[in-house]
Amino acid sequence: MPRLALLWLVVGATVFAVWLPSLGARMVAGLGATWAALSRAVGDTPEQRIQRASGISPALVAAIRAALPADGRLVVYSPYGGAEFELDGADPRGEPARQVRVLFERAKNLLYPFPRDVAFARDADELRGKIEPGCEGRLLVIDGTQEPVELTIGGRYDFVHEEPIGTAKLRLWRLRERR
Amino acid sequence: MIQFVAELLLPGWMGVVLLRAIGLRFCDDRIGYLAWMWLAGCLVIAAGLQLAMELHVPVSFRWLVPVALGGILSRIRALPYDRAASSHGRCYALFVAGGVGLCLLFVAAGMERPCIEGDEGNIWSLKAKSLLVDWPAGFAAAQVHNLHPDYPQCNPLLQVWIHLWNGAPDFVHFENRWIVQFCDVALFVAVAAALRRRLPAIAAASLSSLLLLEPEFQGLCRTAYADGMVALGLVVAVDAFLRWRDGGDRRFGWLAGLALAFALWSKNETMLYLLCAGIAAGMTRCWVAPQRGGWKRENLVLLVPAALVIANTAIWNARFGMKSDLLGANPTGKSMFALMAEQWRERVPAMFAEAASVFLSLAHAHVVFAVLLLGVVCVPRVALGQRLALPVIALLGALIGIHVVYVGSFLPLRMHLDTSYARVLFQLLPAALVLVAAIASDVVGARTAGHTAQRP
């Protein structure tokens, strides 16, 4: 056998002999988490699993669907900016914008097709842009503002629901009058 | 119970009838057959459901069309086959059964999280739901939030199959993944069978374990991402192609054609891989004599399923106005090629560094690519010889192609790499494992033959 062929076989066998235990050790280390996930998957109801993974409770889903007509628009809003830094995962200034996008995606995919029209806004101007003429009573805002103030951007709103998430909260507002 | 049978056993039955139609039986490969069966069954289901949608069959009756398609396939006169049975040995079968058990553990653990995040929620699952509640008039408009509306439909159609048995529009958010997750289980089985065909049991088991322990594989088992489907299609295509070229058994030529079609219908990257295979086929003609008839018409027929899938996806995207972000449908408005011209100085060195980092990372099994590359350098007469030149060059071309796409990506490079690089590379990893095994088998075989030849 040519020396290079033998060398390749030896190198290949050595590589696999090193990598297999390394990957095996990592998998064994992760088995506890896998087992815990399996326990939750088997032991919890779908609603509990959805709430744990997404932060969206059955009560919030019910409140959205009760307050919003099927052709209405749901806007996930958080006034903490960060849009210009969103795509740089290492930049903490983009974290608020990333959180809004994640909540938007979860809500959109969980609720589809009631409603179909879901959007997000990371500052007041973006929210105003989502409020179109004639959308009174058909626009619902999931408001991530943590300060104890009413939502007044782009119009007057009715308070619908408050959802505690850990130490934070999400409030649900329905547009009553566009301004 | 009836629901479970319908969701997961009917695809198996449909796979059996399609494989029977091309002449393949369980005895041809008692391990590999199970993976081929699942792949073939998924093809029949997806084709049947798309047909049902095009015929405007009411939602509650759509499941009947794939079943009817299976019934028609079961009436096709099977191609002749050899009754010789293959056996992998009982110990190896037990190893594979254990591996499948581990895969099922990951599948079940995936039930912890709903299918509403990442690509599985934003691309695949969203499109599946839309195929049920927006078809056809509102379908295009509903893709406004889909990250890649131009991706092919096999994965969403498979999820539609599950939704049909669970009710719509009150969608399930966990069970819809099962049929896709089982493609990842089938991937392990297909790799185990392909490796065992070329290596002794202990070596085949070691290399198969590498796949089983790869974190990307475990992640795919938990989710409805389509990358495992691509990997399944590619590895079955490579394995069946080599079986066909080695033994001249045309049934494996058909299996390779169906597997290629499955990969093409799973995700757009396969178009790149097919292009690389075409270039490799052209290149290798310079030093490898055409085998099994080369480009003869009877061989080109084997590519009909792949051609149908390509045409179907192209017509679908034209019909609904869906374009690829690589061709300019992105916030920059520039095509991948224009962005490449702008970004190559900065990104090519970064891609080399990333490739080196991932290929040599102890946290991933992607070192297989490095071993394959080393094989091309150390044993070129085998790796680029008559038997393996085409698939090896195609795979190396595909590897280069993936990196070129990142050079021309409109997304920030770090973010794009972090969210997809190891996963997309994984699509090629099982096929690379099989090629490494084939090279090793030929090298050792040549050694044995050489020793035998020297005996008096």
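## The interface of chain A and chain B

This is a predicted model, and the description that follows should be read with that in mind. Chain A contributes 41 residues to the contact and chain B contributes 54 residues. Between them the two chains bury about 4,300 Å², and 74% of that area lies on carbon and sulfur atoms. Of the area that chain A buries against chain B, 19% is supplied by A:Trp8, A:Trp19 and A:Tyr112, which is more than any other three residues give.

The polar side of the interface comprises 18 residue pairs in polar contact between chain A and chain B, with both residues at pLDDT 80 or more. On the side of chain A that touches chain B, the elements giving two or more residues are α1 (3–43), α2 (46–54) and α4 (95–111) of chain A. The largest share of that side, 23 residues, comes from α1(A).

## Salt bridges between the chains

Three salt bridges are found across the interface of chain A and chain B. In one of them, A:Arg116 is paired with B:Asp134, and the closest N and O atoms are 2.5 Å apart.

A salt bridge also forms between the side chains of B:Glu112 and A:Arg40, at 2.6 Å from N to O. Because B:Glu112 lies in the loop between α4 and α5 (118–133) of chain B while A:Arg40 belongs to helix α1 of chain A, the pair joins two chains.

## Helix α4 of chain B

Helix α4 of chain B covers residues 90–109, and its 20 residues reach 29 Å from the first C-alpha to the last, close to the 28 Å expected at 1.5 Å a residue. Its buried residues are B:Tyr92, B:Val96, B:Gly99, B:Leu102, B:Cys103, B:Leu105, B:Phe106, B:Val107 and B:Ala109.

What do the buried residues of α4(B) pack against? They pack against α1 of chain A, together with α8 (178–198), α9 (201–213) and α10 (215–222) of chain B.

## Charged pairs within the chains

Over all chains, a search of the whole structure finds 33 salt bridges. Within chain A, the side chains of A:Asp44 and A:Arg52 meet in one at 2.7 Å from N to O, and A:Arg52 is partly exposed, with a relative accessible area of 46%. Another salt bridge brings together the side chains of A:Asp71 and A:Arg138, with 3.8 Å between N and O. This pair links distant parts of the chain, 67 residues apart: A:Asp71 is in the loop between α3 (58–67) and β1 (73–77) of chain A, and A:Arg138 is in the loop between α5 (124–130) and β3 (139–143) of chain A. A:Asp71 counts as exposed at 53% relative accessibility, while A:Arg138 is partly exposed at 31%.

In chain B, salt bridges that share partners join B:Asp119, B:Asp227, B:Lys267, B:Glu269 and B:Arg423 into one network. B:Asp28 is placed in the loop between α1 (2–21) and α2 (32–54) of chain B. With a relative accessibility of 11%, B:Asp28 counts as buried because the cut-off for that class is under 20%. The side chain of B:Asp28 is joined to that of B:Arg251 by a polar contact of 2.9 Å.

## Backbone geometry

Most residues other than glycine have a negative phi, and most peptide bonds are trans. Against that background, the peptide bond from A:Tyr112 to A:Pro113 is cis, with omega near 10 degrees, and A:Pro113 sits in the loop between α4 and β2 (117–121) of chain A. A cis peptide bond also joins A:Phe114 and A:Pro115, with omega about 5 degrees, and A:Pro115 is likewise placed in the loop between α4 and β2 of chain A.

In chain B, B:His56 has a positive phi, near 55 degrees, although this residue is not a glycine. B:His56 is located in the loop between α2 and α3 (64–75) of chain B, and it is exposed, with a relative accessible area of 56%.

Notes:
Residues numbered from 1 in each chain as written. Chains lettered and ligands numbered in written order. Predicted model: local features only at pLDDT ≥ 70, side-chain atom pairs only at ≥ 80, totals over all residues. Heavy atoms only, no water. Contact = heavy atoms within 4.5 Å. Buried area = accessible area lost by both parts, 1.4 Å probe. Salt bridge = Lys/Arg side-chain N within 4 Å of Asp/Glu carboxyl O. Polar contact = N/O pair within 3.5 Å; in protein donor to acceptor, adjacent residues only side chain to side chain. Helix = DSSP H or I, 4+ residues; strand = E, 2+ residues; numbered from the N terminus. Expected span 1.5 Å × (residues − 1). Buried < 20%, exposed > 50% of the residue type's maximum accessible area, 1.4 Å probe, protein only.
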